[in-house]
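Please read it with the model open beside you.

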Amino acid sequence: MLLNRNMFVILITGGTGFLGSHTSLVLLEKGYYLYIVDSLDNSSIKTLKRIKEINHNYKNQFKFFRGDLRNKELLRRIFINAKDSGKIISGVIHFAGLKAVSDSIKNPLKYWSNNFLGTLNLLEVMSEFNCKKIIFSSSATVYGPSNFSLLNEDSNINPINPYGKTKQAIENLLTDVFNSEPEKWGVINLRYFNPIGAHESGLIGEDPLGKPNNIFPILNQVASKKVDKIEIFGDNWGTPDGTCIRDYIHVMDLAEGHVAALEFLLSNGSQCININIGTGKGTSVLELVNIFSKVNNVEIKYNFTDRREGDFAVVIADNTRAKELLNWSPRRSLEAMCKDGWKWHRKIKH
Ligand code: UD1
């Protein structure tokens, strides 16, 4: 079915964050009208300015609301604002949430409150306004250890930290909500692997506040000499070079995956599905360090330290379902991820 995208208004929660901003951009390019809500706790309002720099016409294509999903009145205000301007929010892409694993171990209440209560409120307000299509930002973190095989959506679910447990709980909540009215709800849980890189313009990218935990922002900091070296967590993992293997995916491929999922939901109606968003290809930490250094012509100093608690040797997606159901495939190379991510870092940070 061909969708008339100009007819659809979509609410993006967490729309100024790393994944939310890139997905918003792709939706704007396709002609959707967006309501964007974000607390700006871990992102910047400047992102919206930069989206408008990429294309001036986008300024008339979205409205921004600052706030937290635990504020139900704010959510209601958004739906009422849409109604009053003759728009109906057809679906929600729900990115908003906290995502630092170590922080979640120290502050589980903060994670359950933000991630779980925020989602509960969102679903209640969506229900009130009869908006029953949702794409949820889940994570490969919901899976247990993989024994070196590709993870498919039926692989064992066994998150080991509070962050991952909130993702699992929200998936379960969404399943219950769907089962209560299967003819009305549409739910897709997208389980992301390791999104890195930035938009090709270098104008938007990942901008973590405070000290980053994920590998890619750390590589950027080492390349720009803000940090002396990267500590590689373990060199004895039983992989070919001894370092952990992950499935890195370009954030623009991931953003396009959301549009494919949204359009699938809008045209196919009621369902509740889990879909992996990864490339299906594994890259070791050492390989990533070497490729980053080579394509950007920068030095990346590193040393090996102990394994990080909670890491697995190999995490790679089986992305067959995404390819078959959504007719989506990742297109961008690891070299492009490293180039685009570094371009963003140099342009914005220095
Ligand atoms: C991590 C989280 C995961 C979360 C995801 C996105 C853990 C155990 N997993 O995934 O739950 O969904 O981020 O936020 O925290 N590495 C180093 N040195 C560093 C940083 C990372 O060697 O300084 C290695 C790690 O051991 C890993 C790889 O780089 O093998 C990727 O790490 P990271 O970017 O943190 O992602 P994940 O651990 O895969």
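1. Helices here are DSSP runs of H or I with at least four residues, strands are runs of E with at least two, and both are numbered from the N terminus. A317 is buried, with a relative accessible area of 0%. Buried means under 20% relative accessible area, exposed means over 50%, and partly exposed is in between (1.4 Å probe, protein chains only).

2. What does A317 touch, leaving aside its neighbours within four places in sequence? A317 is in contact with L150, L151, F193, D247, N276, G278 and G280. Contact means heavy atoms within 4.5 Å. The C-alpha atoms of A317 and I275 are separated by 9.9 Å, and these two residues are 42 apart along the chain.

3. A word on the source. This is a predicted model, in which local features need pLDDT of at least 70 and side-chain atom pairs count only at pLDDT 80 or more, while totals for chains, interfaces and linings use all residues. Residues are numbered from 1 along each chain as its sequence is written, and side-chain values use heavy atoms, with hydrogens and water left out.

4. Now the whole chain. The protein chain has 11 helices and 14 strands. Its C-alpha trace spans about 55 × 45 × 40 Å along the principal axes. For 350 residues, a compact globule would have a radius of gyration near 20 Å, and the protein chain agrees because its value is 20 Å. The radius is taken over C-alpha atoms, and the globule rule is 2.2 Å times the number of residues to the power 0.38.

5. How much of the protein chain counts as buried? The figure is 56% of the 350 residues. The protein chain exposes about 15400 Å², and carbon and sulfur atoms supply 48% of that area. Accessible areas come from the Shrake-Rupley method with a 1.4 Å probe; for residues, only the protein chains shown count as cover.

6. Contacts can also be sorted by distance along the sequence. Among contacts in the protein chain between residues at least 6 apart in sequence, 82% join residues at least 24 apart. The A317 and I275 pair, 42 residues apart along the chain, gives a separation of 9.9 Å between C-alpha atoms.

7. The largest nonpolar core has 41 residues, of which L34 and I188 touch the most other members. A nonpolar core is a set of buried Ala, Val, Leu, Ile, Met, Phe, Trp, Tyr and Cys residues joined through side-chain atoms within 4.5 Å. Elements that each supply at least two residues of this core include β1 (9-13), β2 (33-38), β6 (186-192) and α8 (251-268). Helix α8 gives the most to this core, with 11 residues.

8. Which residues are in contact with I188, leaving aside its neighbours within four places in sequence? They are I134, I135, F136, A261, F264, L265, I273 and I275. A second, separate core of 28 residues includes V37, F65, L74 and L174.

9. L75 lies in helix α3 (residues 72-84) and is buried, with a relative accessible area of 1%. Not counting residues up to four places away in sequence, L75 touches L69, N121, L122 and V125. L266 is found in helix α8 and counts as buried at 15% relative accessibility. The C-alpha atoms of L266 and D207, 59 residues apart along the chain, are separated by 31 Å.

10. N297 has a positive phi of about 55° although it is not a glycine; its place is in the loop between α9 (285-296) and β13 (302-305). N327 also has a positive phi of about 55° and is not a glycine; N327 sits in the loop between α10 and α11 (334-349). Buried or exposed? N297 counts as exposed at 72% relative accessibility, and N327 is exposed with a relative accessible area of 71%.

11. Leaving aside its neighbours within four places in sequence, N156 is in contact with V142, Y143 and G144. The C-alpha atoms of N156 and P145, 11 residues apart along the chain, are separated by 8.1 Å.
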